[in-house]
Amino acid sequence: MTDDGPLDEFDREILRRLQLDARATGEDIGAAVHLSAAAVQRRIKLLRQSGVIAAEVAIVDPVAVGQAMSFVIGVELERERADMLDAFRRAARADPNVQQCYYVTGVADFILIVVARDMADFEAFTRRLLFDNANIRRFTTSVVMSRDKIGNTVPI
């Protein structure tokens, strides 16, 4: 990737590898894609600066840290004014139980993916984010029975 150019095949392969292992070294990636470690590091730096690489994080198993339950929640708002949408977005982003928040079309206005320790923890979450919000018309909840695929990789 140049400062002003699109991704080339080297960038794409570097991204594929980093999505699978963000701790891969420049040497390891360089050997795989036939570039020097320095060239790989320069490209990664540009990918970070340009925002193509948005974050590098550890993915934690929720069950291993006591967040054994997952829920999919559809939220319908009473009114869809921009300020009210933004207020709900801010509240969802700030709540640590909310793992994902999507503004969507259809019956629901937002879809949330939420984790909780147990049903009591989930009830506390619903009171905090949903029941105490006068702009929420209704919400529906599906309890996740099994986590068959969790992914953060993007096809490149």
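A salt bridge is a side-chain nitrogen of Lys or Arg within 4 Å of a carboxyl oxygen of Asp or Glu. The structure holds 14 such salt bridges.

The model is predicted: local features need pLDDT of at least 70, side-chain atom pairs count only at pLDDT 80 or more, and totals for chains, interfaces and linings use all residues. Residues are numbered from 1 along each chain as its sequence is written, and side-chain values use heavy atoms, with hydrogens and water left out.

**Exercise 1. Describe the salt bridge between Asp-11 and Arg-43.**

Step 1. The closest N and O atoms of Asp-11 and Arg-43 are 2.9 Å apart.

Step 2. Asp-11 belongs to helix 1 and Arg-43 to helix 3 (residues 37-49), and the two are 32 residues apart, so that the pair links distant parts of the chain. Helices (H or I, at least four residues) and strands (E, at least two) are DSSP runs, numbered from the N terminus.

Step 3. Both Asp-11 and Arg-43 are buried. Buried means under 20% relative accessible area, exposed over 50%, and partly exposed in between (1.4 Å probe, protein chains only).

**Exercise 2. Locate the salt bridge of Arg-89 and Asp-86, and state how accessible each residue is.**

Step 1. The side chains of Arg-89 and Asp-86 meet at 3.1 Å, N to O.

Step 2. Because Arg-89 and Asp-86 are three residues apart in helix 4, about one helical turn separates them.

Step 3. Arg-89 has a relative accessible area of 22% and is therefore partly exposed. Asp-86, at 34%, also counts as partly exposed.

**Exercise 3. Determine how strand 3 pairs with strand 1 and with strand 2.**

Step 1. Two strands pair if DSSP finds at least two bridges between them.

Step 2. Strand 1 and strand 3 run antiparallel and are joined by seven bridges. Within this pairing, Val-75 has Phe-110 as its bridge partner.

Step 3. Strand 2 (residues 98-103) is also antiparallel to strand 3, with five bridges; here Val-98 is partnered by Val-114.

Step 4. Six residues lie between strand 2 and strand 3, which form a hairpin, and Gly-106 in the turn has a positive phi of about 105°.

Step 5. Five of the seven residues of strand 3 are buried, so the strand is mostly covered.

**Exercise 4. Characterise the position of Thr-25.**

Step 1. Thr-25 is found in the loop between helix 1 (9-20) and helix 2 (26-33).

Step 2. With a relative accessible area of 33%, Thr-25 is partly exposed.

Step 3. The side chain of Thr-25 reaches the backbone nitrogen of Asp-28 at 3.0 Å.

Notes:
Polar contact = N/O pair within 3.5 Å; in protein donor to acceptor, adjacent residues only side chain to side chain.
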